[in-house]
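Please keep the sequence and the structure in view while reading.

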Amino acid sequence: MASLAQAIRMGLHFAEENLELKDIFGQDAGAPMGGVFTATQGLKTAWNTPLDERGIIGMATGIALTGERCVAEIQFCDYIFNTIDLLKIAGNTNWVSNGNYPMPLVVMTPVGAGIRGSVYHSHSFDAWATRLPGWKVVMPSNSLDAYGLLLSAIADPNPVLYLVPKALMRLRSEELIPGEPEDQKALKNAIDAPIGERSKWRPRWPKLEDYRVPIGEAKTTRSGRDVTVVSYGRNILMCNKVADDIGGGAVEVIDLRSLYPYDWQAIRASVRRTRRVLFVNEDTEVTNFGEHLAYRVTQELFYEIDAPPRVLAGKNLPGIGLHANLEENSVPQSHDIERTVREILAEVP
Amino acid sequence: MAVLTNVTTKINRKAKTKPLALPKAQLLKLHDYMVKSRVLEDRLIKIYKTGEAYFWIGAPGEEAFGVALGLLVNKGHGPQHDYLHLHYRGTPTLVAMGMPMIDSIRLIMNRVTDPCTGGRNFSNHYCFPKWNVVPVSSPIEVQYGTALGTAHVQRRHKSSGITIVTGGDAGTAEGDFASCLIWASRPGKELPILITVQNNKWGISTGYDSQHGETYIADRGKAFNMRTRVIDGNDPIETYLALGSEMAYIRKTGKPVLLEANVSRLYGHSSATGANLIPDRDCVLAFEKLLLENDVLRPAEAKKIWTDYTEEARQAQETARLDAVPQADSVWDNVYAGSENADWRKF
Ligand SMILES: Cc1ncc(C[n+]2csc(CCOP(=O)(O)OP(=O)(O)O)c2C)c(N)n1
């Protein structure tokens, strides 16, 4: 029943103890705050950096060049953009050195809308991220996956972008992380820092177990017959709701979990069965990652589908406005997904 | 093409003033590697000019600085040794560290035998993990950011190994240079970095004086309570002694130093600007003259050094010419570690 933030914290703790994770750093990532979403609270290797995103990525790259493992945090993905060329370097280092320098680093950053974060706390980064060859890119939609993907990311010998849907940070999973106490309050008392003075506080970590979600493996969250909806992150919750609301076993939902490498076999098998597909995400719609997937469906499954593959994504706007009317009309909402799914279902070949 | 040969004319033995501040063996070693580096760069330029390479960039004019640095490096693999985050003028340092000429030639000729990049990157974009020489990347100044990470790990290991970062003067305008100063000097968490700037007074075609309000670039370190120094990087003796004492300070204290070395840019920026000799102070010729005048070196010995290295470079090119080139289908190799598949068509 851990929240996503608690799951990340527990994953980082497990990695400190078992995966030779030596450094967790970012703006306000160390004591006393432990991250603006508390995802790095109480961790023994977490430390505060200068307010310098390029320095953070440079530091992480340099640590990876020594072969040691680190997790660097960019406080909000809205502020990662001035590091793009450094991310490119981390992504091309093993390739350009012809295998001389593998780069085992993780960059973790909260993404997306849904918290009324206005223009600079609502950006998405998934489409950008998939344009960084050499990186792996993952995004969990629940606490258990957050834990399992994080351990896989830290253990991976390649750079991994770990995108966290910030709107889900407080969301509690139904599934327990292996080793997590069943009582939510007990977990809170053990690992959440007290409000206010906390200089003497130390977490009491549960005895956590290893649990990996392999990078590149999707998960079917709803089984359905008539249409496949492929998504990730917080949109998964909406897609699941739409599947439940439409009912009748019509809608299949695939949580991609890894954007790159992605689970083409899962998408392909599902679409060949349902013959209709929708890709949903909230990054801006022009040159969107969903477009790549839709393109691939068109190329490889054209004669096996009954409706054009569709992409439902964020509108191609320079930002997300603060007022709820503005935000909700900028990124996909449940009703948008439902409407689009119904349109696809209504298509007659 | 202006080709350098040894110039042993106009030796004025009376010029001998005070004793040279390094033992004879050390002086000869500096000279030897400086000549070797110059001859190698000269060969790289020839390779470019005869159409056997797409691009040349390198370090003629920076031999005094680069060789002195290379001789002082604690060479090896892992945090107990020095890390080098070089830019594209690293030949003299690597020659002094023991790089065979042919490695550099295979790199510029993009052979599959190029040990640094396997034919993927430009000349002088070195990478030697066995010596902690991390890959040189073309974007200016990014190495000042990545240097922080290797220095951080060395600090954690309480190693006497240090991190060395090099770059040009124009590049110091980039934010990554400021990042390096800021992160290296955090109170109580200082990093063991030798931050160097090779000031050749140019950024391609833009003159130093038109862009720099600061008296010395090194002065910027003072704002961070960092030890700073400006040296004549054309003088290998001064450079060797200065680098030696600054590196010893960093090894001992774990604290950073910002060192600015004035150097020459003898063949312009790169092949993009012609790679032709633009006369300026020439540290190799000047040092050779000094050694001849002081009877440290005899003219015949000097001549032999130039001749032998010229022949070595020529032969290395001939060998590299016959080496295999990268195969087209190798583009996907090493995108991911261990060449795990990264091609979406095969997911
Ligand atoms: C970020 C970036 N901007 C521009 C360039 C193109 N460029 C290559 S070298 C150079 C000048 C660098 O001058 P300086 O830092 O003084 O080093 P020098 O080449 O003189 O040794 C420029 C502008 C680049 N490689 N990277």
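Pro261(A) is found in the loop between strand 10 (258-260) and helix 8 (264-274) of chain A; helices (H or I, at least four residues) and strands (E, at least two) are DSSP runs, numbered from the N terminus. The peptide bond that leads from Tyr260(A) into Pro261(A) is cis, with omega near -5°. This is a predicted model, in which local features need pLDDT of at least 70 and side-chain atom pairs count only at pLDDT 80 or more, while totals for chains, interfaces and linings use all residues. Residues are numbered from 1 along each chain as its sequence is written, chains are lettered from A and ligands numbered from 1 in the order in which they are written, and side-chain values use heavy atoms, with hydrogens and water left out.

A cis peptide bond also joins Ala31(A) to Pro32(A), with omega near 5°. Pro32(A) belongs to the loop between strand 1 (21-26) and strand 2 (46-48) of chain A. Most residues other than glycine have a negative phi, and most peptide bonds are trans. Asn98(A), although not a glycine, has a positive phi of about 55°, and its place is the loop between helix 3 (84-96) and strand 4 (105-111) of chain A. In chain B, Asn110(B) has a positive phi near 40° and lies in the loop between helix 4 (101-108) and helix 5 (143-156). Asn98(A) is partly exposed at 31% relative accessibility, and Asn110(B) is partly exposed at 22%; buried means under 20% relative accessible area, exposed over 50%, and partly exposed in between (1.4 Å probe, protein chains only).

The interior comes next. A nonpolar core is a set of buried Ala, Val, Leu, Ile, Met, Phe, Trp, Tyr and Cys residues joined through side-chain atoms within 4.5 Å. The largest such core has 149 residues, of which Phe125(A), Leu161(A), Tyr262(A), Leu194(B) and Ile195(B) touch the most other members. Helix 1 (residues 24-49) of chain B gives the most to this core, with nine residues. The core lies between domain 1 (4-191) and domain 2 (219-346) of chain A because both give residues to it; the domain bounds come from an automatic or database domain assignment. A second, separate core of 41 residues includes Leu19(A), Leu144(A), Leu149(A) and Leu187(A).

Leu94(B), in helix 3 (residues 91-97) of chain B, is buried, with a relative accessible area of 0%. Leaving aside neighbours within four places in sequence, Leu94(B) is in contact (heavy atoms within 4.5 Å) with residues including Leu86(B), Met99(B), Tyr126(B) and Trp131(B).

Which residues are the closest to the ligand? They are Tyr88(B), Arg89(B), Ala170(B), Gly171(B) and Trp202(B), among 15 residues that surround the ligand, with a heavy atom within 4 Å as the cut-off. A polar side-chain atom of Tyr88(B) lies 2.6 Å from an oxygen atom of the ligand. A backbone N or O atom of Ile140(B) lies 2.9 Å from a nitrogen atom of the ligand, and a polar backbone atom of Asp169(B) is 3.2 Å from a ligand oxygen atom.

His212(B) touches Asp169(B) and Ala170(B), among other residues. His212(B) is placed in the loop between strand 5 (206-207) and strand 6 (227-232) of chain B, and it counts as buried at 15% relative accessibility.

Key. A polar contact is a pair of N or O atoms within 3.5 Å; within protein, one must be able to donate a hydrogen and the other to accept it, and residues adjacent in sequence count only if both atoms are side-chain atoms.
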